[in-house]
Amino acid sequence: MLHLCKGNVAVVKAAVLAGCRAFYGYPITPASEITEAAALYLPQVGGTFLQAESEIAAINMVYGAAAAGQRVMTASSGPGISLMQEGISYCAGAELPCVIVDVARGGPGLGNLAPEQGDYFAMVKGGGHGNYRNFVLAPASAQEMADLTILAFTLADRYRNPAVVLADAFVGQMMEPVRLDPRETAAPEKSWAVRGTADTRRNLVNSFYLDPDQLEARVRRLDAKYRSAEMVEARSETYQAAGAEILLIGYGIVARVLRSAVEQLRTLGVRAGLFRPITLWPYPSAALRQAARGCHLVMVVELSTGQMVEDVRLTLNGTLPVEFYGRVGGNVPTTEEIVDQVVRCLAAATV
């Protein structure tokens, strides 16, 4: 069935189809429609919606629901996600699956309400503390806002870990046709979940009561889980990459602009291709190395001053020159702008 809706609304419709029955959040532009849609749809399926008094309260409510075995989610944007970081770390440490949607806006600080991709480090690098990882999925359309939300719940439960849908404000606010097929989906059985009053501390992690060897054992076990996920869960997409001389790399709304840039460059006789990471963690490094074979140049385009470009450079390890082009403050580059940058880089490379 086709639905004409914003990407933010598609998230909630897909979450309901995926068996999500609890949402705790606090509205923030440009993600507020997620909270609004959750308030509308969750009660219709017997689920729980609660607007928390703050983002800190919301993520801790998510912790409690996840500990009880619920498929649960929350959503916010940059400033709110920053407030949730400690709670996300606790969920990872306690191995509690949950889904967090971050519809990124301009920053730092309060910033503005326009699209940006400055939250890459915060989400992909595990909040910057504590030796943990988030699964991070990057949709480029309203349809993928739905599809990747369903995948996020699957990955969260499979690995007992937070999963993040990281969208820029453009994709979250974009209204497009979205296909949602009715399904009966229940959360998998979770034998580890706390139910009733017995053993209520089972899913609590308090580092003050863990000696160094106990904590090291826990972190080593988490690391082994992440390394296993890196082998099988990385996802990406290519367009016209076979035989390309220059590979453009971007995610979210940028990837859509880059696709048009590839087509325009080819009309100019430039063999351009596109590589789009769908999982920002695990990063599809092997697929990127394969796509970049035979290329002379790689250009990364982001709505930031350069964050994902670091992972691209680490992946290629000096085998190819990696150029970067970024816009910030809510500005999205045009196709013509990117084509001009590519032509300039190619001209400079031949001098």
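User: Let's start with Val-99. Does it count as buried or exposed, and why?
Analyst: Val-99 counts as buried because its relative accessibility is 0%. Buried means under 20% relative accessible area, exposed means over 50%, and partly exposed is in between, using a 1.4 Å probe and protein chains only. Before we go on, this is a predicted model: local features need pLDDT of at least 70, side-chain atom pairs count only at pLDDT 80 or more, and totals for chains, interfaces and linings use all residues. Residues are numbered from 1 along each chain as its sequence is written, and side-chain values use heavy atoms, with hydrogens and water left out.

User: Which strand is Val-99 in?
Analyst: Val-99 belongs to strand S5, residues 98–104. Helices (H or I, at least four residues) and strands (E, at least two) are DSSP runs, numbered from the N terminus.

User: And which residues is Val-99 in contact with?
Analyst: If you leave aside neighbours within four places in sequence, Val-99 is in contact with Val-72, Met-73, Thr-74, Ala-152, Phe-153, Ala-163 and Val-165. Contact means heavy atoms within 4.5 Å.

User: How many cavities of 30 Å³ or more are there?
Analyst: The count comes to 1 cavity of 30 Å³ or more. On a 1 Å grid over the protein atoms alone, a cavity is a set of points where a 1.4 Å probe fits but cannot get out, while a pocket is an open set with protein on both sides within 12 Å along at least five of seven lines; lining residues have an atom within 4 Å of a point. Grid points are joined across faces, edges and corners, and a volume is the space filled by probe spheres set on the points.

User: What lines the largest cavity?
Analyst: Its lining is made up of Arg-71, Val-72, Pro-97, Cys-98, Val-99, Phe-153, Ala-156 and Asp-157. S5 and helix H6 (142–159) are the elements that give two or more residues to this lining, and H6 has the largest share, with 3 residues. By class, the lining of the largest cavity has 6 nonpolar, no polar and 2 charged residues. Here Ala, Val, Leu, Ile, Met, Phe, Trp, Tyr, Cys and Pro count as nonpolar, Asp, Glu, Lys and Arg as charged, and the others, Gly among them, as polar.

User: How far apart are the C-alpha atoms of Arg-220 and Val-99?
Analyst: They are separated by 23 Å, and the two residues are 121 apart along the chain.

User: What do the buried residues of H3 pack against?
Analyst: They pack against strand S2 (22–25), strand S4 (72–76), helix H4 (78–93) and S5. Among the buried residues of H3 are Ile-59, Val-62 and Tyr-63.

User: What happens at the ends of H3?
Analyst: Ser-54 caps the N-terminal end, with a side-chain oxygen 3.4 Å from the backbone nitrogen of Ile-56. After H3 comes Gly-69, whose phi is positive, near 95°.

User: Which residues other than glycine have a positive phi?
Analyst: Arg-160 is one of them, with phi near 50°, and Gln-240 is another, with phi near 60°. Arg-160 is in the loop between H6 and strand S7 (162–168), and Gln-240 is in the loop between strand S9 (236–239) and strand S10 (246–249). Arg-160 is partly exposed, with a relative accessible area of 22%; Gln-240 is partly exposed as well, at 39%.

User: Last one: where is Pro-30, and what is its peptide bond from Thr-29 like?
Analyst: Pro-30 is in the loop between S2 and helix H2 (32–41). The bond from Thr-29 to Pro-30 is cis, with omega near 10°. Gly-107 and Pro-108 are also joined by a cis peptide bond, with omega about 5°.

Methods. A polar contact is a pair of N or O atoms within 3.5 Å; within protein, one must be able to donate a hydrogen and the other to accept it, and residues adjacent in sequence count only if both atoms are side-chain atoms.
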